[in-house]
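This report describes selected features of one protein chain. Please view the sequence and the structure below before reading on.

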Amino acid sequence: MKFCAISKPAAEEYSKIQDIPDCAIISITDPNGFPAEFAEIPHIKDVLRLEFHDTDRKIDDRDIVITEEDAKNIIDFVERNKDSVYEFIVHCEGGVSRSAGVCAALMKAYNNDDSLIFDNPFYHPNMLC
């Protein structure tokens, strides 16, 4: 199964390409941020939208990071779409931390290999993901 971590602008541009293989998108934005805008083309089979901060600290005495419910929603989303898409696009604002963390976890769970993330110096995966 193929997973790709990219930035929000790259995901928005990717969605405009007419001849992309069938994909599903996990869209991660900051809470109360602007959602990504994707082209409505038939190759995008499904989109999961999540909001959480890229931090491992409490903010205002609250944990505003990925939750167990978010993680369950991600797994349910992948399970629901895995037989109908070529790849999963995972984006966050910069495509470096949250998306890389989620991608690495999915790569490890489904392919038993997260080296494409951890061996690439561009990525700095959020280890809470």
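## A buried glutamate

In this predicted model, Glu87 has a relative accessible area of 5%, and because that value is under 20%, Glu87 counts as buried. Glu87 belongs to strand S6, which covers residues 87–92.

The side chain of Glu87 is joined to that of Tyr14 by a polar contact of 2.5 Å. When neighbours within four places in sequence are left aside, the residues in contact with Glu87 are Lys2, Cys4, Tyr14, Pro21, Asp22, Cys23 and Ala24.

## The nonpolar cores

The largest nonpolar core has 24 residues, of which Phe3, Ile26, Ile28, Ile74, Phe88, Leu106 and Ile117 touch the most other members. Two or more residues of this core come from each of strand S1 (2–7), strand S2 (23–29), strand S3 (44–51), helix H2 (68–81), strand S6 and helix H3 (98–111). Helix H3 contributes the most, with six residues.

Another core, of ten residues, lies apart from this one; its members include Ala11, Ile20, Cys23 and Phe38.

Phe3 is in contact with Val78, Phe88, Cys103, Leu106, Met107, Tyr110 and Asn111, again leaving aside neighbours within four places in sequence.

## An aspartate in strand S3

Asp46 is located in strand S3. Not counting residues up to four places away in sequence, Asp46 touches Cys23, Ala24, Ile25, Phe77, Arg80 and Asn81. With Asn81 there is also a polar contact between the two side chains, at 3.1 Å.

In sequence, Asp46 and Ile89 are 43 residues apart, while in space their C-alpha atoms are 11 Å apart.

Notes. Residues numbered from 1 in each chain as written. Predicted model: local features only at pLDDT ≥ 70, side-chain atom pairs only at ≥ 80, totals over all residues. Heavy atoms only, no water. Helix = DSSP H or I, 4+ residues; strand = E, 2+ residues; numbered from the N terminus. Buried < 20%, exposed > 50% of the residue type's maximum accessible area, 1.4 Å probe, protein only. Polar contact = N/O pair within 3.5 Å; in protein donor to acceptor, adjacent residues only side chain to side chain. Contact = heavy atoms within 4.5 Å. Core = buried A, V, L, I, M, F, W, Y, C linked by side-chain atoms within 4.5 Å.
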